[in-house]
Each structure stands twice: as C-alpha cells, then as structure tokens.
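My notes follow in the order I took them.

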Amino acid sequence: MYDQLQAIEDRYEELGELLSDPEVISDTQRFMQLSKEEANTRDTVATYRRYKKVVEGISDAEELLGENLDAEMAEMAKEELSDLKNEKEELEDEIKILLLPKDPNDDKNIIMEIRGAAGGDEAALFAGDLFNMYQKYAESQGWKTEVMEANVTGIGGYKEVIMMITGDSVFSKLKYESGAHRVQRVPSTESQGRIHTSTATVVVMPEAEEVEIDIADKDIRTDIYHASGAGGQHVNKTASAVRLTHIPTGIVVAMQDERSQIKNREKAMKILRARVYDKISQEAQSEYDASRKSAVGTGDRSERIRTYNFPQNRVTDHRIGLTIQKLDQILAGKMDEIIDALIMYDQTQKLEEMQNG
C-alpha cells in the first residue's frame, strides 16, 4: 500500500512541474487532462503526507519516553503518543478508501430520466416532486440543470421528464438514484382520506463523449417530422422534430423541444449516446453482479429502492435499511444525509471485498 502511495506522491509532484511547463499550458486538451489528474490525487497526497508526519511524530514521542523525563513531561509525551496513534488509525482507514478503485464515470455529467409509473395522475405528480427535488439538490451543489424533454400532464405532473445535470462529479453522487421510487400519501383528489401508493422510476446515465462511444452514421435511422405542441395547438410549419433509431440496439429517441431541427438532433444524439453507453455498461454490470452482489449497485433498474411516506414524514432507503423522518426537507433538495449514507455503504462493501478477495 505504501509503495502505491509513494508512487502517487511522486506522480503528483511530476504533475505540478508539467502544469507549469509552457508547452503543456499551450496544449489546452493536455493541460485539462493533467489538471484533472492532479485534482483527483490531491486529497490522497495530502492525507499521505499527514500520515508520514504522524508516523514521524510517534517515533519521536517513543524516543522521548525512553529518556529520563520528569513525571509531568512523561505524562505529556504519553498523551501525545496516544493522540498520534489514534490519528494514525483514522488516517489508515481514510487512505484505504482513497485507494479504492474509482468508478471511471464518477466525474461525469449525467442525463436523468424520470417517469410516472404505476398510479396514473398521482404517479405523474410524484415524478414532478422527484424532478423538483433533484433540481433543488443540483442547485445546492452548484450544478446546472437543463430540461431536454418534458411530457407534462394536465394536472401539472410529468409522464416523463429528461434533464441533463452538469457540474463537478455529478455521477458520483447521483448514480445510486436509479430505480423505482414509491410514494404513500393521500391524493388531493381523494375525498375519503385514503392513502394511495404510486411509483415513479428514475434512470441516471453518465453523459457519454463521442470518443467513448463511437456510433456509426450507418447504425442510425433518422426520421424528420412536424412537431405538435400541447393539444395540437402549435404545429411547426417546418419539419423540425427528430426521431433517431439506433439499429443495433433498437433504442429510439424522439426530440421536438426546439424549433430548430439541428438543435433537436443535437439533443437527441446526446440522449442516444448516453442510452447506448448505458446499455453496454448495464450488460457488463450484470455479468459482474452475477459473481458479486452489491446492495447499492447501479445494476437492477426495476428494484424498488426508496419509499416516501407523507403521513409519517418518512423516507426509507430499502437497500441500506436507512429511515429518516425528514421527508419535507429531502423533497426540498436536502439529500446529503441519504447520499452520504449510500456512498459510505458502497465504500464499506468494496473495502470488505478487497480484504476478503
């Protein structure tokens, strides 16, 4: 482990020199790539440097205790030694987590699809609540959101809404949100005060760059048609709506949000690339999960992952057995407690696997 840490520190120092090299600075792509690598190793290096200082401090304190000290000095040295040993243990745990293999998608932006599922109008309204929750959470993280496609119901919910969230390490925090979300509440239309259960589904996909997934033109069928607005009121005079079909996988993306055919095609292409990349990743994940089952793996999209119970102001994440009595706050975008718990659980699972493997 320490050889690995030393190699990371050496590389970090090398990166510092490279980033001040005029030749590297003038090559924007290389500069960005190296800056990202430097930022990714910064925490590991800082923790390792602190760890080396603590180990040195333990050695000095032990040496001091071997000398003839008066009672007061000996007591102080013992106290310092005890504190340093505790910190050394904490740093060792921290380092183990920092050295866990990183998900290559963690730094990516995402495309999130939210759909009303079982429960008709109530499910569509709940899809709208989830959409607002993720938008507010994104805002609190300093991320940007862009609605790419929305199918609004008459009562203000969403049959389907697709948005792109861009910012720092979006996928690393939202990747555990894929799955079926269940709501239990009394609908506003319910005169008897009975609690209804409805569901909405969420799919989180990392944005796929062109270099990562090369979709050949011959594999795409493009259909152009006239976009129709709500209730058929607005019909584009020009054919601007675009439907892309990826022939090998059968994945279809239709986009009519923009008035320009070019813009619709760009948006549709982004979603198509993400869905194809996601399908390939899911197949690889299924094979991986066959040999190892992580409770918070981003594999099974159909599993019910969370229940939002309005009468008891309660949210339960079924994968990790976490229950929080703060439904109102969570729906207002204060999701840190749930997201941090999921990340921690996943890291613990991976650490156990490494130790047992």
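**Terms for pairing.** I count two strands as paired if DSSP finds at least two bridges between them. Helices (H or I, at least four residues) and strands (E, at least two) are DSSP runs, numbered from the N terminus.

**Source.** I am working from a predicted model, in which local features need pLDDT of at least 70 and side-chain atom pairs count only at pLDDT 80 or more, while totals for chains, interfaces and linings use all residues. Residues are numbered from 1 along each chain as its sequence is written, and side-chain values use heavy atoms, with hydrogens and water left out.

**Confidence.** I looked up pLDDT, the predictor's confidence in each residue, from 0 to 100. Its mean over the chain is 84, and 88% of the residues reach 70 or more. Residues 230-236 have a pLDDT below 50, and beyond near neighbours in sequence this stretch has nine contacts in the model; a contact means heavy atoms within 4.5 Å. Where pLDDT is low, the predicted coordinates should not be read in detail.

**Whole chain.** I find nine helices and 11 strands. Of the 357 residues, 40% are buried; buried means under 20% relative accessible area, exposed over 50%, and partly exposed in between, with a 1.4 Å probe and protein chains only. The chain exposes about 19,900 Å², of which carbon and sulfur atoms supply 48%; the areas come from the Shrake-Rupley method with a 1.4 Å probe, and for residues only the protein chains shown count as cover. Taking contacts between residues at least 6 apart in sequence, I note that 61% join residues at least 24 apart.

S6 pairs with strand S7 (residues 241-246) over six bridges, in the antiparallel sense. Ile-224 stands opposite Val-242 of S7. S7 and S8 are also antiparallel, over five bridges, and His-246 has Ile-251 in S8 as its bridge partner. Four residues separate S7 and S8 in a hairpin, and Gly-250 in the turn has a positive phi of about 80°.

In a regular strand the side chains alternate between the two faces of the sheet.

**Single residues.** Which residues does Val-183 contact beyond four places in sequence? I list Phe-126, His-196, Thr-197, Ser-198, Tyr-308 and Phe-310. Val-183 is in strand S4 (residues 179-185) and is buried, at 0% relative accessible area.

Asn-309 belongs to strand S9 (residues 304-309) and, at 8% relative accessibility, is buried. Its C-alpha atom is 8.4 Å from that of Arg-182, 127 residues away along the chain. Leaving out residues up to four places away in sequence, Asn-309 touches Gln-184, Arg-314 and Leu-327.

**Loops.** Thr-153 sits in the loop between strand S2 (144-152) and S3 and is buried at 12% relative accessibility. I also looked for positive phi in residues other than glycine. Ser-169 has phi near 50° and lies in the loop between strand S3 (158-166) and helix H6 (170-174). Asn-313 has phi near 50° as well; its loop runs between S9 and strand S10 (314-317), and Asn-313 is partly exposed at 26% relative accessible area.
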